[in-house]
Amino acid sequence: MKIGIIGTGNMGTILIEALIDGKAVSPSSMVITNRTKTKAMLLKDKYKNLRVEENAAEVASQSDLVFICVKPLDVFPILNEMNPHLNNRKCIISITSPIDPNQLEAKTACSVARVIPSITNRALAGVTLLTYGEHCSENWKTKLESLFAKISVPVTIDEKITRVASDIVSCGPAFFTYLLQRFIFAAVKETEIDQVTATVLASEMIVGLGELIKQGHYTLPSLQEKVCVKGGITGEGIKVMEDELGDLFEHVFQATHNKFNEDLEKVDTQFNKH
């Protein structure tokens, strides 16, 4: 299977690196392009047999499966450029949440899916979210799930939970990295620990926490219960968090959904133009 990647920004690059390093595909079976060719050539320097083409049409003509890894408003113009080289044996994938797979399906003859990756996929871990177009073939569904199982845990989701699922899987690493940094900064500010030491301790703690959950030793509630001994120091810290956290995460989801709705309106306008 020949795989094309259009767009080698952050997520496009993560997909390329994860798929190759995870042995899901070989560099020689992948063809890529990017508006700024120097970014694409950096990847070719790393993976010698990777092919770099001049534009999306050339990628589409050589690929069975094409990932469109660009900003939402650039998707439909690129699809128009690709369309002469697409047919019902091929599949295209958008990785951006505001693009409904059925919108793409209305503009092309091939199978369509949306895949929302996560930065955690670079470590061949975490979740990849999949949503299929109404007419996506069963053959492509099977191929996509097999492909992404090599770099992640593929989870098929309903369209209506796209934003919140993406918040958890794709935005979550940034949200919790921010909280972890604030945790470190507070430790440095309030105690005699230095930032380097605090960062090492916090980073190793979060890795260990992930392993405990991954290996099934604890659920989230049972882990907290195990550490939070009645009358102990952890409990005092939890009390402060309960008092001060408030509706923080509710407000986070409200903000992301508001922005998502704005993006949906822009995408709908772009869809109607094309």
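Me: Among contacts between residues at least 6 apart in sequence, what percentage join residues at least 24 apart?
Reply: This is a predicted model, in which local features need pLDDT of at least 70, side-chain atom pairs count only at pLDDT 80 or more, and totals for chains, interfaces and linings use all residues. Residues are numbered from 1 along each chain as its sequence is written, and side-chain values use heavy atoms, with hydrogens and water left out. Contact means heavy atoms within 4.5 Å. Among such contacts between residues at least 6 apart, the share joining residues at least 24 apart is 63%.

Me: How many helices and strands does the protein have?
Reply: Both are DSSP runs numbered from the N terminus: helices are H or I with at least four residues, strands E with at least two. The count is 11 helices and eight strands.

Me: What percentage of the residues count as buried?
Reply: Buried means under 20% relative accessible area, exposed over 50%, partly exposed in between (1.4 Å probe, protein chains only). The protein has 274 residues, and the buried share is 38%.

Me: Which residues does leucine 147 contact, leaving aside neighbours within four places in sequence?
Reply: Leu147 is among the residues with the most contacts inside the largest core. Its partners beyond those neighbours are Ile3, Leu19, Ala24, Val25, Leu65 and Phe67.

Me: Is serine 29 buried or exposed?
Reply: Ser29 is found in the loop between α1 and β2 (30-33). Leaving aside neighbours within four places in sequence, Ser29 is in contact with Met1, Lys2 and Ile3. A polar atom of the Ser29 side chain lies 2.8 Å from the backbone oxygen of Ser26. The relative accessible area of Ser29 is 11%, so the residue is buried.

Me: Which helix supplies the largest share of the nonpolar patch?
Reply: The patch on the surface is formed by Phe176, Tyr178, Leu179, Leu245 and Leu248. Leu248 sits in helix α11 (residues 248-273). Three of the patch residues come from residues 162-190, helix α7.

Me: Why does leucine 248 count as partly exposed?
Reply: Leu248 is one of the residues of the nonpolar patch. Leu248 is partly exposed because its relative accessible area is 33%.

Methods:
Core = buried A, V, L, I, M, F, W, Y, C linked by side-chain atoms within 4.5 Å. Patch = residues over 30% accessible without salt bridge, like charges linked within 9 Å, V, L, I, M, F, W, Y side chains within 5 Å. Areas by Shrake-Rupley, 256 points an atom, 1.4 Å probe, with all protein chains shown as cover. Salt bridge = Lys/Arg side-chain N within 4 Å of Asp/Glu carboxyl O. Polar contact = N/O pair within 3.5 Å; in protein donor to acceptor, adjacent residues only side chain to side chain.
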